[in-house]
Amino acid sequence: MSDSLPELLKQYFGYDTFRPLQREIMDSALEGRDVVAILPTGAGKSLCFQLPALARDGVTLVVSPLIALMKDQVDALTASGVAATFINSSLQGSEAQRRRSGLENGQYKLLYAAPERIMMPGFAEDLRRWNVTAIAVDEAHCISEWGHDFRPEYRQLASLRAELPGVPFLALTATATERVRSDIIRQLQLDDPHVFLASFNRPNLSYTVLPKNKSTRQVYDFIHQRPNEAGIVYVQSRKSAESLAAALATEGVKAVAYHAGLQPEERAANQEAFIRDEARIVCATIAFGMGINKPDVRFVIHADLPKNIEGYYQETGRAGRDSLPSDCLLLYSRGDLIRNLKFLDEMTDPKAAEIAARQMRLMADFAESTECRRVTLLDYFGEQWPGDNCGGCDVCLQPREVWDATTQAQKLLSCIFRIKQKSKFSTGLNHVVEVLAGANTEKIRKWYHDQLTTYGIGKDTPREEWTALGRQLIRQGYVDASPDNYQTLSLSKQGLAALMNRTPIMLTRTPTLASTPPAKVSKTGSILCDEGLFAELRTLRKRLADERGVPPYVVFGDTSLRHMCRSYPQTDHDFLSMPGVGSQKLADYGQPFMAEIKNWLTQHERLIFANEAPPPPPPKMKVETGPGGTVLETLRLFRQGLSPEAIASQRNLVISTIHNHLAQAITSGDLQADPRDYFSTEDEQVMREAAAEHGLESLSKLREALGNQFDYPTLHYFRAFEMRGNAPP
Ligand code: ADP
Ligand code: ZN
């Protein structure tokens, strides 16, 4: 059964290779074992039960929590030529009848249903008659009270074990916590299951944290820089979701709101608009999430601080399911943490409030930290990141300035020490900073802290800097903060030693908005392509999708389109070699897409891209380096501030190759550069005149025509900018 998987993968889904763990999971499931698959969002969980369903006899039952989710998956499967259907309460009587008789006749390979339906009297008997030979439980964490989307109905699924003896289960989830995992195994009564746990790293996501300052403006600027991209903006409250969506709309951005307070129809309509590429932005509370399997969400912004790291990870995880580079931006202010902590006052259970407070602080630590974001996130899931530079977070891409903080740190450490010495109790960071600043507060008067030798010795430094310094000293272990809500400070052993011995203390400067532009930080895995043609094919995709009443990504994902815009396929054979093109899609969409490509080429020059098209990175290991990475690797190093010469020597390539790479990236729009960094306006004029006569095809001819006064790199860049000018953005 298993042998036929690669062919089925190509024939139906148009892919040549499996993603990490997919094959192992499928093989195990086809052996008839119970399996638990814990893979991050975007890793390709659906295929793990869809492909084996095609390889085995009978029908695979897929338990899925949401009607919208079922419908989208069945649409996508049907578009790929897979016989799939769903049964739920949204169906009219005659339609339900039609599907049931299809099931009686063994016409389907996959049947989707919600747990409520499966538990209805008589349904188990139906399932037996329909020859259900495997059961996939999607979003299996819904079975656990410890998960974030508990669904009591999931609990009853175990009864299927008795009803359908010998039918293997495959449980799938993106929730990694140990507690949820063991809950799934226990509640579903899985029999010695094979558990597969993938890395939770999302290599195509980049992470940036910026100090929050006029967040509506910041959000708008970020979105404005990405004119054709879809994204989600998470905010704390329903009110902000609506006001932000309205503010963006007045700026001309197609944005909708989503939160649990909307009428169900409006909520569904807004979600639908987003999935169908009619609204580009959703401003949402955390109610927006599960059930969004739109693969081309290019960014997720958190305009308010999330309440915990798990939530932040799941929410950012909705970006870039299609493996293309996507950005996660968090706008952080300490005030958000304080507001979140205030909410806890309403909680009645002190134990729960304490846990929640700890999680909130961990989230703030993440934002304030000067450690790699990826390392911190993965560490939260108990995973270790192997490299020392992830190449995809603000910390790694813009190494912070390290400064000698010994003198300042000495002042702060000694202030903590003196307070304790005088008063025999500890205080929080705020008070320590007030003492350093020489403030005249009630507490300072009451405790006579104006008599300390450290009173006022930090007048010259703004209080925020003292606070930032204090927090860094806590994180670096010089200062201990009590675990209670007061967070009172005392010197650790390390801090005391540093104070006594005047040990040098090196710290990193916290970035300010001015020093950290909210730029795209990563292009790892991007597919350089003809952007002009890409825009055309997207329009075509949207039209065809509307005609068929499906979301655009069901026709083709961005990955497929981008590959088409690199290799301009015009025969069935070439079209079929595009990733994501199987035989059904060739039959349904090959003709219109190839016609569009042909048409484009009658009016535009065919762009040449390096042969080694970077495959989308496997969702497992670290950023690719070495000769295989080509243009992307050059671009990555260039973005880190390396000169072309330095890149050439680091990569062991000749300098002209590097210039070539950068020129290609300028043409494709992947590198936003200013021509003035490469040649003057006058030179540009001269080159342009010569190009008008001799063309841009042959640079050697052009160079000769210009009396050899320009070197090749300059001409390369000139051509790149000229070609960028010709293609619509
Ligand atoms: P998950 O459920 O784990 O979040 P999905 O099943 O939605 O992930 O898959 C995410 C994307 O990856 C989909 O667009 C899917 O078509 C694509 N995909 C899955 N498996 C492969 C593969 N082997 N090769 C290429 N793309 C794949
Ligand atoms: Zn990093």
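Colleague: Where is Tyr717 found?

Modeller: Tyr717 is in helix H33. Keep in mind that this is a predicted model.

Colleague: Is Tyr717 buried or exposed?

Modeller: Buried, because its relative accessibility is 4% and the cut-off for buried is under 20%.

Colleague: What is Tyr717 in contact with, leaving aside neighbours within four places in sequence?

Modeller: The contacts are His659, Leu662, Ala663, Ile666, Tyr678 and Phe679.

Colleague: And how far is Tyr717 from Gly438?

Modeller: From C-alpha to C-alpha, the two are 57 Å apart in space, and 279 residues separate them in sequence.

Colleague: Back to the rings. How many aromatic pairs does a search of the whole structure find?

Modeller: The search finds 17 aromatic pairs. Tyr678 and Tyr717 form a pair with ring centres 4.3 Å apart and planes at 40°, so it is classed as tilted.

Colleague: Why does that pair tie together separate parts of the sequence?

Modeller: Tyr678 sits in the loop between helix H30 (655-668) and helix H31 (681-694), while Tyr717 belongs to helix H33 (residues 712-726), so the pair joins parts that are 39 residues apart in sequence.

Colleague: What does Tyr678 count as, given its accessibility?

Modeller: Tyr678 counts as partly exposed, because its relative accessibility is 22%. Partly exposed is the class between buried, under 20%, and exposed, over 50%.

Colleague: Which residues do ring pairs link into a cluster with Tyr678?

Modeller: The cluster holds Tyr678, Phe679, Tyr717, Phe718 and Phe721.

Colleague: Another pair, then. What about Phe123 and Trp130, are they buried or exposed?

Modeller: Both Phe123 and Trp130 are buried. Their ring centres are 5.8 Å apart and the planes meet at 85°, so this pair is edge-to-face.

Colleague: New topic: backbone angles. What is phi of Asn131?

Modeller: Phi of Asn131 is near 65°, which is a positive value in a residue other than glycine. Asn131 lies in the loop between helix H7 (123-129) and strand E5 (132-137). With a relative accessible area of 40%, Asn131 is partly exposed.

Colleague: And Asp192, what is its phi?

Modeller: Asp192 also is not a glycine, and its phi is positive, about 45°. Asp192 is in the loop between helix H9 (178-187) and strand E7 (194-197). Its relative accessible area is 58%, so Asp192 is exposed.

Colleague: Now the whole protein. How many helices and strands are there?

Modeller: There are 33 helices and 17 strands. The radius of gyration is 29 Å, close to the 27 Å that the globule rule gives for 729 residues, so the protein is as compact as a globular protein of that length.

Colleague: What box do the C-alpha atoms fill?

Modeller: Along the principal axes, the box is roughly 90 × 85 × 45 Å.

Colleague: How much of the protein counts as buried?

Modeller: Of the 729 residues, 54% are buried. The protein exposes about 32300 Å², with carbon and sulfur atoms supplying 50% of that area.

Colleague: What share of the contacts with a separation of 6 or more comes from residues 24 or more positions apart?

Modeller: Such residues account for 73% of those contacts.

Colleague: Last one: how many positive and negative side chains are there?

Modeller: The protein has 83 positive and 89 negative side chains, and the centres of the two sets are 5 Å apart.

Methods
Residues numbered from 1 in each chain as written. Chains lettered and ligands numbered in written order. Predicted model: local features only at pLDDT ≥ 70, side-chain atom pairs only at ≥ 80, totals over all residues. Heavy atoms only, no water. Helix = DSSP H or I, 4+ residues; strand = E, 2+ residues; numbered from the N terminus. Rg over C-alpha atoms; globule rule 2.2 N^0.38 Å. Buried < 20%, exposed > 50% of the residue type's maximum accessible area, 1.4 Å probe, protein only. Contact = heavy atoms within 4.5 Å. Areas by Shrake-Rupley, 256 points an atom, 1.4 Å probe, with all protein chains shown as cover. Lys, Arg positive; Asp, Glu negative; His and termini not counted. Charge placed at Lys NZ, Arg CZ, Asp CG, Glu CD. Phe/Tyr/Trp six-rings, centres within 6.5 Å; stacked < 30°, edge-to-face > 60°.
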